[in-house]
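Me: I would like to go through this structure step by step. Please show it to me.

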Amino acid sequence: MSILVVAEHDNAELKPATLNTLGAAVELAEHAGGEIHLLVAGAGCQAVAEAGAKIASVAKVLLSEGPEYEHRVAENLAPLIVQLAPDYSHVLAAATTSGKNIMPRAAALLDVQQISDVSTVESADTFVRPIYAGNALATVQSSDSIKLITVRGTAFEPVADEGGSASIETVAATGDAGLSKFVGAALTESERPELTSAKIVISGGRGMQSGENFAMLERIADKLGAAVGASRAAVDAGYVPNDYQVGQTGKVVAPDLYIAVGISGAIQHLAGMKDSKVIVAINKDEEAPIFQIADYGLVADLFQALPELEETL
Amino acid sequence: MKVLVPVKRVIDANVKVRVKSDQSGVELTNVKMAMNPFCEIAVEAAVRMKEAGTASEVVVVSAGPTTSQESLRTGLAMGADRGILIEGDAALEPLAVAKLLKAVVEREEPGLVIMGKQAVDGDNNQTGQMLAGLLGWPQATFISKINLTNGGLEAVREVDGGLETVSMPMPAILTVDLRLNEPRYASLPNIMKAKKKPVDVLSPSDLGVDVSPRVTVLKVSEPEGRKAGVKVGSVAELVEKLKNEAKVI
Ligand SMILES: Cc1cc2nc3c(=O)[nH]c(=O)nc-3n(C[C@H](O)[C@H](O)[C@H](O)COP(=O)(O)OP(=O)(O)OC[C@H]3O[C@@H](n4cnc5c(N)ncnc54)[C@H](O)[C@@H]3O)c2cc1C
Ligand SMILES: Nc1ncnc2c1ncn2[C@@H]1O[C@H](COP(=O)(O)O)[C@@H](O)[C@H]1O
């Protein structure tokens with residue numbers, strides 16, 4: 001039996017999270033055997049399928065195109081996964097908002113208990129996943145005959161996106177379920193690297209005091225080639241859009257360097273960044289819990305420290 | 001329109017969770033419990049619909065041990081009209097909860113089910129999507145805005161790239177994100193009133209649902225901790241250390 005990976009893409013490009021999910025699939029294949037197939041479902045997404053075919057670890061690309069797949073509507077994509085799944089031992093998707101939306105729906109239709117947010121593959125049926133905001137790690141064994149899994153991207157190295165020449169097989173689309181319609185999207189435009197795959201992330205919290213003040217972080221980010229993130233408090237206050245939120249219920253990041261500015265270090269925030277290689281905290285309160293996990297702590301007023309940091313870099 | 005709100009009782013989000021030394025799970029004895037924060041947001045959304053006259057009745061439902069009553073009472077004190085407890089001591093997986101909720105939906109025939117996007121104990125983020133799949137209903141997940149239209153709804157979803165708007169007919173399943181609303185605190189008089197509101201008690205077998213687990217928890221362990229590092233005295237020292245010691249810039 002083979003492993004099916006559901007590709008995440010925007011009909012033009014494969015999203016980096018797909019490469020991390022394939023990384024998990026490669027580890028899984030060492031235990032479970034079989035080939036790795038990549039499902040590219042979308043509209044006008046031939047280029048994505050071709051990019052997928054170039055990935056060395058992918059043996060076959062399944063391309064399914066239809067207008068009903070253009071916006072990754074779960075009600076339309078779940079039936080396709082349900083139809084393909086019986087040929088596979090495992091179906092994997094990234095634990096992104098898209099994967100989290102689609103996979104449980106497919107799992108229920110297959111009568112499978114999905115395993116969410118897997119961070120380690122122990123064997124073909126045993127996985128480790130964080131629970132309680134990462135305060136505990138559960139080792140779980142699935143007895144379902146097909147395993148549906150969402151993968152925590154930061155826990156697996158991305159596979160190389162070259163070196164392969166897989167075949168592309170066309171799969172008929174399953175049609176519009178007629179249940180829900182995509183109306184529109186307001187996506188955050190940014191020239192900076194994507195938060196979850198950036199090598200450096202600089203995040204601001206409530207201490208930033210306003211959205212305008214985030215410009216101080218942005219200037220530093222541009223000097224470092226970093227992405228900008230935020231705590232929930234900063235998003236709730238409207239300083240920055242929701243897609244900046246790092247944490248238990250936002251994005252999980254694990255860059256080489258994470259700089260937390262004006263963030264206290266609540267467990268829910270730590271859940272999204274504590275696997276970063278090096279953590280820097282800038283906070284005026286020397287008792288702030290963030291210092292308990294920071295490799296380098298600077299007790300300072302951020303309004304003094306940030307301009308100085310920008311200058312020094 | 002009737003609105004059904006599934007709620008879960010979990011360890012209070014402010015409590016530092018501890019893993020049991022025998023690795024069988026996390027410590028639950030003498031630990032403060034509360035309604036899952038996302039479920040509070042779901043209850044608030046439903047109660048606001050009732051206050052606006054778009055919902056006629058708000059029913060809260062919880063599956064779990066007898067103590068789950070507490071979360072039902074919290075929901076009733078916030079303004080829900082009645083509760084349903086699906087009582088059982090077995091640990092329930094999201095698929096089992098979704099099957100139980102499906103049976104409740106078939107009995108109650110709500111126009112809308114509003115639930116949390118995630119229970120902050122298991123961090124599964126599955127139950128709403130599973131319920132929608134089992135019922136063949138549309139789903140709007142991770143929503144931060146909801147607008148009821150004629151026989152349907154439009155919802156704004158928080159997605160990785162920003163915001164997305166979807167529309168769908170009702171009945172539908174909604175799962176709520178943090179920024180949909182700020183849940184109210186129940187007032188003392190409302191807490192007293194909630195004690196008199198009706199709560200039906202059912203068992204999984206009353207609903208004809210097999211809740212046997214598919215996944216075995218082999219162990220629950222503590223993650224490797226991070227140690228506090230050093231304090232630096234100045235921005236210059238920080239930059240120097242990041243360049244020459246950590247070599248990350
Ligand atoms: C269900 C649930 C889910 C949640 N999910 C998330 C999540 O995904 N991500 C997340 O981040 N949070 C999440 N939270 C919220 C979390 O509990 C905290 O409330 C939040 O992280 C606090 O954000 P903060 O550190 O920016 O704000 P605060 O805790 O208010 O901290 C602000 C910090 O800034 C410092 N400061 C202020 N002024 C200055 C200055 N001039 N110079 C230097 N330092 C300064 C202060 O000393 C303080 O430490 C969640 C909570 C719940 C209940
Ligand atoms: N035992 C339960 N009883 C009632 N509702 C539940 C239960 N478990 C989960 N839910 C609902 O499903 C949502 C998501 O939970 P989960 O899929 O476990 O992350 C919660 O916010 C609740 O609304």
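Reply: Start with a definition: buried means under 20% relative accessible area, exposed means over 50%, and partly exposed lies in between. The model is predicted.

Me: Is R184(B) buried, partly exposed or exposed?

Reply: R184(B) has 29% relative accessibility. Buried needs under 20% and exposed needs over 50%. So R184(B) counts as partly exposed.

Me: Which residue forms a salt bridge with R184(B)?

Reply: The closest N and O atoms of the pair are 2.9 Å apart. A salt bridge needs such atoms within 4 Å. The partner of R184(B) is E44(B).

Me: How many residues apart in sequence are the parts that E44(B) and R184(B) tie together?

Reply: E44(B) lies in helix α1 of chain B. R184(B) lies in the loop between β10 and α5 of chain B. The pair therefore ties together parts whose separation in sequence is 140 residues.

Me: Is E44(B) buried or exposed?

Reply: Buried means under 20% relative accessible area. E44(B) has 2%, so it counts as buried.

Me: Which residue of helix α8 in chain A pairs with R219(A)?

Reply: R219(A) sits in helix α5 of chain A. Its salt bridge has an N to O distance of 3.1 Å. The partner in helix α8 is E310(A).

Me: What radius of gyration does chain A have?

Reply: Chain A has 313 residues. A compact globule with 313 residues would have a radius of gyration near 20 Å. The value for chain A agrees with that: 21 Å.

Notes
Residues are numbered from 1 along each chain as its sequence is written. Chains are lettered from A and ligands numbered from 1 in the order in which they are written. This is a predicted model: local features need pLDDT of at least 70, side-chain atom pairs count only at pLDDT 80 or more; totals for chains, interfaces and linings use all residues. Side-chain values use heavy atoms; hydrogens and water are left out. The radius of gyration is taken over C-alpha atoms; the globule rule is 2.2 Å times the number of residues to the power 0.38. A salt bridge is a side-chain nitrogen of Lys or Arg within 4 Å of a carboxyl oxygen of Asp or Glu. Helices (H or I, at least four residues) and strands (E, at least two) are DSSP runs, numbered from the N terminus. Buried means under 20% relative accessible area, exposed over 50%, partly exposed in between (1.4 Å probe, protein chains only).
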